[in-house]
Amino acid sequence: MALNYTAEEIMQTIRMVQSENLDIRTITMGISLRDCAHEDMAVCCRKVYDKITRKAEKLVGTGEAISREYGIPIINKRIAVTPIAMVGESCIGGSFVDLAKALDKAAAATGVNFIGGFSALVHKGYTNGDRRLIEAIPEAMAVTERVCSSVNIGTTKAGINMDAVAQMGHIIKAAAELTKERDALGCAKLVVFCNVPEDNPFMAGAFHGIGEPETVINVGVSGPGVVLAAIRNHPEWDFSTLASIIKRTAFKITRMGELVGREAGKRLGVPFGIVDLSLAPTPDIGDSVADILEAMGLERVGGHGTTAALAMLNDAVKKGGAMASSHVGGLSGAFIPVSEDAGMIRAVTEGALSLDKLEAMTCVCSVGLDMFAVPGNTTAEVLSAIIADEAAIGMINKKTTAVRVIPVPGKTVGDQVEFGGLLGRAPIMALHTYDPGVFIGRGGRIPAPIHALTN
Amino acid sequence: METKRVIVTVIGKDRVGIIAAVAKTLSENQVNILDISQTILQEFFTMMMIADISQSNLGIQELQDILTELGQEIGMQIQAQHEDIFRFMHRI
């Protein structure tokens, strides 16, 4: 029987894992909590806790066993649940913060590091549950460790709910204030979306969408270091060659996600949902999307040419990844979080990357303005205006965009905050301080664009 | 009969008796070596084996523990991985 693989192939796989930071970023189990609604908040919380701990009991252990047997690190095991605004909607009295605490407790009991789904979808308007959930977000983010929150305020089909945009500016400010002893860490767990995907495995935006099955396994891979190693030191390649190498590399990375997702689904007796093709950086040196853009030939990310480089990278990753997986979903594009990417941090610190350029970059990749810190005295109206701009990009371009902004109390441009771990560190970025108050205060909805009329 | 295949890789500085030591450990545990290949890659001795553990009392994880221990004894890095990781990555 032949050794079906060449030495180079075997060594390439081992090298990707050992020196190029190839890993499975997350196995995320989606769990429907639609059957946990109850009039009594305490009963609802108990049902939520019981269901999560029952369904996800073996998630972490299974992830660790797969990691070991295949020799591929699986960094995070996580849970995404039905948007809690729907689950808690029927509760008479009580605070939604109690539901956040129940999620936190269930996350700790199952051993996952994050649980997503303290969420509301309000792109067209609020239900009572949505309103109560959003009002509870600042406190929920302050009193829980592992709970992540997201609010969808716009879609291409529905337009942008500007009442929600205006409110989210205040909610973010309040979350920052309540967690100011921890450099506004609460805001790192809160994302505002336009066109939110319902099967995204990545935090902080993961939740279990309403069209999803009872339970599901979604997988996110992480391989910027592998792409970087593949294209570094080849200034002689033209763009066709470059795109081809990126595609091939993305294929290999995504196959790991496909393998792990299928295997995890099989062992847990849960359907395998999707692989998210995103290139997700970590603060580790060499695991940076910014470094890839610079390896493509830019002196610094943020300079002119960055948007074009990112557009090409993002497209090539999707083309390579799409063939590698039976079902692709989630966000699926290159991530450009500032604090979680050493190359992005460097570019901001050196003054090469401005918020305006970052916004332009979000037009051509997933997911949006992510994990960036701004001065603590930024007004709620300016935060809302940032959200509105980003949502407009998503709405018009029929793509997901998001804002995860951290206004750090007491900090200003030139300062830096350290979150540690995967969240990294964030230099405070300058922004425009002209007052958008009248615009944001108008209220109502920005109508859906003409190309929403596709039927 | 069903086979359960793992890829064993041994990497380190070349010396006498590497293959013998690994083969002995595998045979003691009823792990059948199906194929073997060795080469020098970037100055390192690199040996790859494809082995069937379906007749062994060990699962992959126990085999990994034994091989890691052996690797420490003989000063080599030894890994055992489920074959599928290579199949998925390199074969369409």
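Colleague: How many bridges join strand 1 of chain B to strand 4 of chain B?

Modeller: Six bridges join them in this predicted model. Strand 1 and strand 4 of chain B run antiparallel.

Colleague: Which residue of strand 4 stands opposite B:Val8?

Modeller: That is B:Ala80, in strand 4 of chain B.

Colleague: What about strand 1 and strand 3 of chain B, how many bridges there?

Modeller: Strand 1 (residues 5-12) and strand 3 (residues 44-52) of chain B pair over eight bridges. The sense is antiparallel.

Colleague: What holds strands together in general?

Modeller: Backbone hydrogen bonds pair the strands of a sheet, either parallel or antiparallel.

Colleague: New topic. How many residues does each chain give to the contact between A and B?

Modeller: Chain A gives 20 residues and chain B gives 22 residues.

Colleague: Which elements of chain A give two or more residues to that side?

Modeller: Helix 1 (7-19), helix 3 (59-70) and helix 9 (239-268) of chain A. Helix 1 of chain A gives the most, with six residues.

Colleague: And how many are nonpolar, polar or charged?

Modeller: On the side of chain A that touches chain B, 12 are nonpolar, two are polar and six are charged.

Colleague: OK, inside chain A now. What domains is it divided into?

Modeller: Domain 1 (26-194) and domain 2 (222-440). Their C-alpha centres lie 22 Å apart.

Colleague: How many residues are in contact across those two domains?

Modeller: 37 residues of domain 1 of chain A are in contact with 34 residues of domain 2 of chain A.

Colleague: Which element supplies the largest share on the domain 1 side?

Modeller: Helix 7 of chain A, with 10 residues. The elements that each supply at least two residues there include strand 4 (147-155) and helix 7 (162-178) of chain A. By type, the domain 1 side divides into 23 nonpolar, nine polar and five charged residues.

Colleague: How many residues are in the largest nonpolar core?

Modeller: It has 184 residues. Those with the most contacts inside it are A:Val48, A:Leu103, A:Ile153 and A:Val165. Helix 7 of chain A gives the largest share of this core, 10 residues.

Colleague: Where does this core lie relative to the two domains of chain A?

Modeller: Between them, because domain 1 (26-194) and domain 2 (222-440) of chain A both give residues to this core. As a general point, nonpolar side chains tend to be buried together in soluble globular proteins.

Colleague: What is A:Val165 in contact with?

Modeller: Leave aside its neighbours within four places in sequence. Then A:Val165 is in contact with A:Ile153, A:Ile160, A:Ser384, A:Ile387, A:Ala388, A:Ala391 and A:Ile440.

Colleague: Switching to helix 12 of chain A. Is it mostly covered or mostly uncovered?

Modeller: Mostly covered. Six of the eight residues in helix 12 (residues 342-349) of chain A are buried. Among them are A:Met344, A:Ile345 and A:Val348.

Colleague: What covers those buried residues?

Modeller: The cover includes helix 10 (289-295) and strand 13 (425-427) of chain A. Just after helix 12, A:Gly351 takes a positive phi of about 85 degrees.

Colleague: Which residues other than glycine have a positive phi?

Modeller: A:Asn21 is one of them, with phi near 60 degrees. A:Met371 is another, at about 50 degrees. Most residues other than glycine have a negative phi.

Colleague: Where are those two, and are they buried or exposed?

Modeller: A:Asn21 is in the loop between helix 1 and strand 1 of chain A. A:Asn21 is buried, because 23 other C-beta atoms lie within 10 Å and the cut-off is 20 or more. A:Met371 lies in strand 10 (residues 368-375) of chain A. A:Met371 is buried too, with 25 other C-beta atoms within 10 Å.

Colleague: Last one. Which residues does a cis peptide bond join?

Modeller: A:Met203 and A:Ala204, with omega about 10 degrees. A:Ala204 is in the loop between strand 6 and strand 7 (215-222) of chain A.

How values were computed. Residues numbered from 1 in each chain as written. Chains lettered and ligands numbered in written order. Predicted model: local features only at pLDDT ≥ 70, side-chain atom pairs only at ≥ 80, totals over all residues. Contact = placed C-beta atoms within 7 Å. Helix = DSSP H or I, 4+ residues; strand = E, 2+ residues; numbered from the N terminus. Nonpolar A, V, L, I, M, F, W, Y, C, P; charged D, E, K, R; others polar. Domains from an automatic or database assignment. Core = buried A, V, L, I, M, F, W, Y, C linked by C-beta atoms within 7 Å. Buried ≥ 20, exposed ≤ 12 C-beta atoms within 10 Å, placed from the backbone. Pairing = 2+ DSSP bridges.
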